[in-house]
Amino acid sequence: QAATLETSLFAETGTARNWRGNNTSWSLSFTGGFVFPFYGQNYTSVTVSSEGFLQFGSSSGAGDGNNSTGALISGPPRIAPLWDNLRTNGTGDDVFVDSSVAGQVTIRWNATNEADGGDVQFAVVLFADGRIRFDYGPGNANLTPTTGISRGDGRFFVLPENNGQTTLANAPSVLFDSVPG
């Protein structure tokens, strides 16, 4: 289930990875014994897309900027805090990773919206207990975003209230928590 929080918990944290590109992706191996449970699987690494999503199990198609709810739902397993036609190779852009807090990993994008050149800033926090949080910073206007999580099987997915919203500037954070069954 997804719950919209009262405020944005976005913070400019993390170390720049020099992951600067367009329609591309990079592999992130979790450190310090961090394991992330997602739809019944345990992961020790994830593929990070320049387009604003995380993908598990395969890197095929992870640089695709052609976002849609259908593409999120049909797979592969993905977490999309702000999947849109983005790039991370503009001035000041990069992907940042913060694993300094025990039991969690934060992946933060400082990206550019290809539609209008606007600034896009957001993050996803993965918690060792399986919770996921989307955080939104400044910019984030004139979007056509897909947001949500999906097992990638066409059956199990969660789309938050902000899916498809054209403006997510400092939008309230969204927390996903697993529920039995």
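Biologist: What makes Phe-34 count as buried?

Modeller: Phe-34 has a relative accessible area of 8%. Buried means under 20%, exposed means over 50% and partly exposed is in between (1.4 Å probe, protein chains only), so Phe-34 falls in the buried class. Before we go on: this is a predicted model, where local features need pLDDT of at least 70 and side-chain atom pairs count only at pLDDT 80 or more, while totals for chains, interfaces and linings use all residues. Residues are numbered from 1 along each chain as its sequence is written, and side-chain values use heavy atoms, with hydrogens and water left out.

Biologist: Fine. Why is the pair of Phe-30 and Phe-34 called edge-to-face?

Modeller: Their ring centres are 5.1 Å apart and the planes stand at 80°. Rings of Phe, Tyr and Trp (its six-membered ring) pair if their centres lie within 6.5 Å; planes under 30 degrees apart are stacked, over 60 edge-to-face, and the rest tilted. Both values pass, so edge-to-face it is. Phe-30 is buried too, at 10% relative accessibility.

Biologist: How many aromatic pairs turn up in the whole structure, and which residues do ring pairs link into a cluster?

Modeller: The search finds 10 pairs. The cluster takes in Phe-36, Phe-38, Tyr-39, Tyr-43 and Phe-56.

Biologist: On to charges. How do you know that Arg-131 and Asp-129 make a salt bridge?

Modeller: The N to O distance between their side chains is 2.9 Å. The rule asks for a side-chain nitrogen of Lys or Arg within 4 Å of a carboxyl oxygen of Asp or Glu, so this pair qualifies. The structure holds 3 salt bridges, and another of them joins Asp-135 to Arg-133, again with the closest N and O atoms 2.9 Å apart.

Biologist: Are Asp-135 and Arg-133 buried or exposed?

Modeller: Both are buried. Then there's the bridge between Arg-151 and Asp-153, at 3.0 Å from N to O. Arg-151 counts as partly exposed, at 35% relative accessibility, and Asp-153 gets that label at 30%.

Biologist: What makes you say that Arg-131 sits over a ring?

Modeller: The charged end of Arg-131 is 4.2 Å from the centre of the Phe-127 ring. A charge sits over a ring if NZ of Lys or CZ of Arg is within 6 Å of the ring centre and within 35 degrees of the ring normal. Arg-131 itself is partly exposed, at 26% relative accessibility. Arg-108 also lies over a ring face, that of Phe-96, at 3.8 Å from the centre.

Biologist: Why are S7 and S8 said to pair?

Modeller: Two strands pair if DSSP finds at least two bridges between them. Strand S7 (residues 54–55) and strand S8 (residues 78–83) have 2, in the antiparallel sense, with Gln-55 opposite Arg-78 in S8. They belong to an open antiparallel sheet of 6 strands, ordered S3-S6-S7-S8-S14-S15. Strand S3 (25–29) and strand S15 (157–158) are called edge strands, as each pairs on one side only.

Biologist: And what makes strand S13 largely enclosed?

Modeller: In S13 (residues 132–139), 6 of the 8 residues are buried, so the rest of the structure largely encloses this strand. S13 pairs antiparallel with strand S12 (residues 119–127) over 6 bridges, and Phe-122 stands opposite Tyr-136. The two strands form a hairpin with 4 residues between them, where Gly-130 in the turn has a positive phi of about 100°. S13 also pairs antiparallel with S16, over 3 bridges, and Arg-133 faces Leu-175 there.
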